[in-house]
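Hello,

Here is the structure we talked about handing over. My notes follow below it.

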Amino acid sequence: MSPAQPRPPESPRAHAASTPSRRALLSAAATASLAGALGALPAFTASAAPQRPPATPKASDAPGDARHTLWWQAPADEHSMIGQGLPVGNGRLGALAGNDPARELLLVTDATMWTGGLNDTLDADGQFPYGRDDFGSLTLLARLTVALPGHDLSAVHDYRRTLDLAQGLITTSYVRSGVTYRREVFASRPDDVIVVHLTQSGGGHHTGTVTLEGTHGEAPAVSFGGAFPNGLRYGAAVTAYTSGGGRVRVHGGRVDFTGCPDLTVVLSGGTNYTPDARTAYRDPSLDPEQLARTKVRAAASHPAAVLRRTHTADHRALYDAFALDLGTSTPQQRSLDTWERVRHRAQSGVPDPELEAAYVQFGRHLMISGSRGSLPLGLQGLWLDGNDPDWMGDYHTDINLQMNYWMADRTALSPCFDALTDYCLAQLPAWTDLTRRLFDDPRNRYRNSSGENAGWTVAISTNPYGGGGWWWHPAGNAWLCNTLFEHYEYTLSRAHLEKIHPLLKGACEFWEARLVTTTLPGGTEEVLVADSDWSPEHGPLDAKGITYAQELVWALFGNYRSACAELKKDTAHAERIGALRERLYLPRVSPKTGWLEEWMSPDNLGETTHRHLSPLVGLFPGDRIRPDGSTPKDIVDGARALLTARGTESFGWANAWRALCWARLKDAEKAYRLVVNNLRPSTGGANGTAFNLFDIYETGPGRGIFQIDANFGTPAAVVEMLLYARPGHIELLPALPAAWAASGEVSGVPVRGGFTVDLCWKDGTPVSVRIHSTGGRATTVAHGGTSRAVALEPGRSVTLKGFDR
């Protein structure tokens, strides 16, 4: 993503097409069974994703452990929620919580709350329109406020708020007039609601109001519904109840509560979006407001403790599958709250291994909270502070969307990957139609010079309605397909491979029509190269044979052949694609710069320190370029030289990508430096980590925005530093930095080829390695000068010891 790219022009806020309704929505708490709470509730989304069995728990993995708990001594500033609010989500609904004692504010987002539409036109310059009216934007669903007069921050003491990553639970506590008040916020996937639960100890009570507001012109109401001009309907509802004592009643458009020893607030909402191009991605039969009312009533028939236990069990079923210990922090580091630790780490330069492990687990919390059963995670995931996110909060297909999902399989969150697969499948009919109608339009600077057209591709930006924004992105189809195929290499799921086969085939058909023949200097060799394109996001706009496209298509063709062989289909087509692959030009090293060429030219035609590593996709996420002797040394050295030239100071996502590349080159200290760079505190909008650990992307002097990809890319880099794997090969501790070398362990790590790994190390050397087959049968396990062959039946495990340095 380019910071130089101007922000899309603002468009008038989309107002509801129907008047919000105001109806009472109160339910008394009941003691119905847990089974009743999980009964056949209506759902905005698909059923829960399959769950991986949890890894064997260790004492250090208990809730409250420093690797799993973040804490702060101050609430969020209501005007800085994106950098200070704490995130929860159930994979579809997300919320930022402010945790002010007197005013609990939740900014609520539904992943499908999108304006815009198909956007199937090109402007005079060959670009898709890219604004809030045409392309559309992700927007907020609602604001929920729980006001408690008299609980101002100046009137309380011992304030503390925590984010328990293991349980997906925000807790706020403080003391007022001798009474300890406690507040919990969580987003339950089983009940499909967001819950705020208030309790106290010491004879106190709660008196105040609950207010639900829409963000598109709706007045406060206990339930509301509306529609965008694009026809998408949305709605939300809230209810509140107490377990005994006090009074709760609807008053106008709000809920009043008086003298309640405890209070539970339940919210739900959503849209009538459906992942089906045949219905223009909308379900006309669905009434989102009524469905929200049904869900909050169902949830409110159970005590808050039941809702919390149900939520926690669901969250931990995913969270506990992976554990990470990078070493022990000092007592001084542990005494600091999370923001003080971030600042202390940057100022002192002293490693803080528990903070660094917690940052990985924070990324996992965001993935569990943001990617289950709905749309995938875009530039801001499920968390907004307004209706005008930069770049519309879209899906950027030239790095950001893919980076969001590098972490999922690597940290035992494979079920969270399904949202990306489902999105691509749902968009395929529209993407194919747009490619057929518009890719060879004479206004498209990237059109095929052959005049032929087939298959599908995408724009640099995509929305959930099949629409594109900005420029066409010819190689985007290959990168998406390679990402989807890599998920198969982790899971060995034949069902997944069957689902993505049409995507792989269509992308290959596109490239059959697009590749052109050229003769290399000297006139002795003809090769196939990609037609005119841009090496994202710099340099000439009409270069043929860019390394970025050549590497992605080379990998795509190989993955398609493997898929066809496994599925025993399209054999003749796979052979034809294989023959094209043999003729593809592969990049060389420039005799002028010593770098791997980016534009099939010895000259550097762009910015030396550019944020994108487009020519290094063969190093990561691909692995055609390997420093193990299988790749010519000059190619590896050229990749290293180019990576060195790009530098170590950039945006968070760019640092994460650099760290991953250095991990692949086995340079532990450079990889670690880039991880630490992303943990530097952001001040004044600078690149770095915000108060709430969201990654901040500097768009200009004094202005930074939240962009979530670094929160996922950096954890992926940490895992790659500890384990590198491709089908048939596992390498232990390929890039272990000195900061983590003394001792550590990681467990439940899936690797490509159908295995998981539990690894313990001491003094930089593996002391125990457990390999478990989840479908794979044979691999090698290597460290230093030692290599072991492992053969296992699916479901069996083996423990290896005695590796050399």
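Strand β8 is largely enclosed by the rest of the structure, because eight of its ten residues are buried. Please keep in mind that this is a predicted model.

β8 has a partner on either side in the sheet order, β7 and β9. Take β7 to begin with. Seven bridges join β7 to β8, and the two run antiparallel. Threonine 172 has arginine 183 in β8 as its bridge partner. The two strands make a hairpin with two residues between them. Serine 177 sits in that turn and has a positive phi of about 50°.

Now β9. Nine bridges join β8 to β9, again antiparallel. Arginine 183 turns up here too, standing opposite leucine 198 in β9. This hairpin has four residues between the strands. Aspartate 192 in the hairpin takes a positive phi near 55°.

Which order do the eight strands take in the open sheet? They run β1-β6-β7-β8-β9-β15-β12-β11, with antiparallel pairing. β1 (69-72) and β11 (223-227) stand at the edges. Each has a single partner strand, so one side of each is left without a neighbour in the sheet. The twist averages 15° from one strand to the next.

Serine 223 stands opposite alanine 237 in β12.

Two helices pack on this sheet. Helix α3 (residues 288-300) touches β9 (193-201), β11, β12 and β15 (263-271). The direction of α3 makes about 25° with that of β12. Helix α4 (residues 304-319) touches β7 (169-176), β8 (179-188), β9, β12 and β15. The direction of α4 makes about 50° with that of β8.

Helix α11

Helix α11 covers residues 476-491. How far apart are its end C-alpha atoms? They are 23 Å apart. At 1.5 Å a residue, the 16 residues should span 22 Å, so the two values agree. Is α11 enclosed or open? 15 of its 16 residues are buried, so the helix is largely enclosed by the rest of the structure. Just after α11, leucine 492 takes a positive phi of about 55°.

Cysteines

With a cut-off of 2.5 Å between cysteine sulfur atoms, the disulfide count comes to zero. Cysteine 416 is in no disulfide. The nearest cysteine sulfur to it belongs to cysteine 424, 16 Å away. Cysteine 416 counts as buried, because its relative accessibility is 0%. Cysteine 508 is in no disulfide either. Its nearest cysteine sulfur is that of cysteine 481, 7.3 Å away. Cysteine 508 also has 0% relative accessibility, so it counts as buried.

Threonine 799

Threonine 799 lies in strand β34 (residues 797-800). Is this residue buried, partly exposed or exposed? At 47% relative accessibility, threonine 799 counts as partly exposed, because the exposed class begins over 50%. Leaving aside neighbours within four places in sequence, threonine 799 is in contact with Ser768, Val769 and Arg770. Valine 250 is another matter. Threonine 799 and valine 250 are 549 residues apart in sequence. In space, they are 61 Å apart, C-alpha to C-alpha.

Best wishes

Terms used. Residues are numbered from 1 along each chain as its sequence is written. This is a predicted model: local features need pLDDT of at least 70, side-chain atom pairs count only at pLDDT 80 or more; totals for chains, interfaces and linings use all residues. Side-chain values use heavy atoms; hydrogens and water are left out. The expected span of a helix is 1.5 Å times one less than its number of residues. Buried means under 20% relative accessible area, exposed over 50%, partly exposed in between (1.4 Å probe, protein chains only). Contact means heavy atoms within 4.5 Å. Two strands pair if DSSP finds at least two bridges between them. Axes are lines fitted to C-alpha atoms, for helices over the stretch in contact, and angles run from 0 to 180 degrees between N-to-C directions.
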